[in-house]
Amino acid sequence: RSSDLVLTAGTIPPNPGEFIGRPELPALFTELRSKYNVILVDTPAALAAGDALTTSTLADAIVVVSRPANISRPQARDLRRILDSCPKPKLGVVATGADASALYYA
């Protein structure tokens, strides 16, 4: 199996939702799984578009990447509801945008 590949999306299709629902996408994932150990798919924010939930049906697991300072409690609850509706394993959350100079270990 090969170790690295970056497959960029190219130009934005006229209707991204239609692209996600194309029957060729599962076949593409099957082909990629036969060649690579890990496939990462970056989708629009789960609260902004349905692409993340639709694409999750093809995924083995989910990782949420978020800026904690930019998400409200109601949005966090909505995200939790969306994630709970997805049967795939949730691996965790990556918090981005933190001020590293303010972090310390007690």
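Arg-80 and Asp-84 both sit in helix α4 (residues 73–84), four residues apart, or about one turn of the helix. Their side chains meet in a salt bridge, 3.1 Å from N to O. The model is predicted: local features need pLDDT of at least 70, side-chain atom pairs count only at pLDDT 80 or more, and totals for chains, interfaces and linings use all residues. Residues are numbered from 1 along each chain as its sequence is written, and side-chain values use heavy atoms, with hydrogens and water left out.

**Terms**

- A salt bridge here is a side-chain nitrogen of Lys or Arg within 4 Å of a carboxyl oxygen of Asp or Glu.
- Helices (H or I, at least four residues) and strands (E, at least two) are DSSP runs, numbered from the N terminus.
- Buried means under 20% relative accessible area, exposed means over 50%, and partly exposed lies in between (1.4 Å probe, protein chains only).

**Salt bridges**

- Searching the whole structure gives three salt bridges.
- Lys-35 and Glu-31 form another, at 3.2 Å from N to O.
- Lys-35 and Glu-31 are four residues apart in helix α2 (residues 24–35), so about one helical turn separates them.
- Lys-35 is partly exposed, with a relative accessible area of 39%.
- Glu-31 is also partly exposed, at 43%.
- Arg-33 pairs with Asp-60 through their side chains, again at 3.2 Å from N to O.
- That pair links distant parts of the chain, 27 residues apart: Arg-33 is in helix α2, while Asp-60 is in the loop between α3 (51–56) and β1.
- Arg-33 has a relative accessible area of 29%, so Arg-33 counts as partly exposed.
- Asp-60 reaches 56% and is therefore exposed.

**Nonpolar surface patch**

- Val-63, Val-65, Leu-91 and Val-94 make a nonpolar surface patch of about 370 Å².
- The elements giving two or more residues to the patch are β1 (62–66) and β2 (90–95).
- Val-63 lies in strand β1.
- Val-63 is partly exposed because its relative accessibility is 45%.
- Patches take residues with over 30% relative accessible area and no salt bridge; like charges are joined within 9 Å, and nonpolar side chains (Val, Leu, Ile, Met, Phe, Trp, Tyr) within 5 Å.
- Accessible areas come from the Shrake-Rupley method with a 1.4 Å probe, and for residues only the protein chains shown count as cover.
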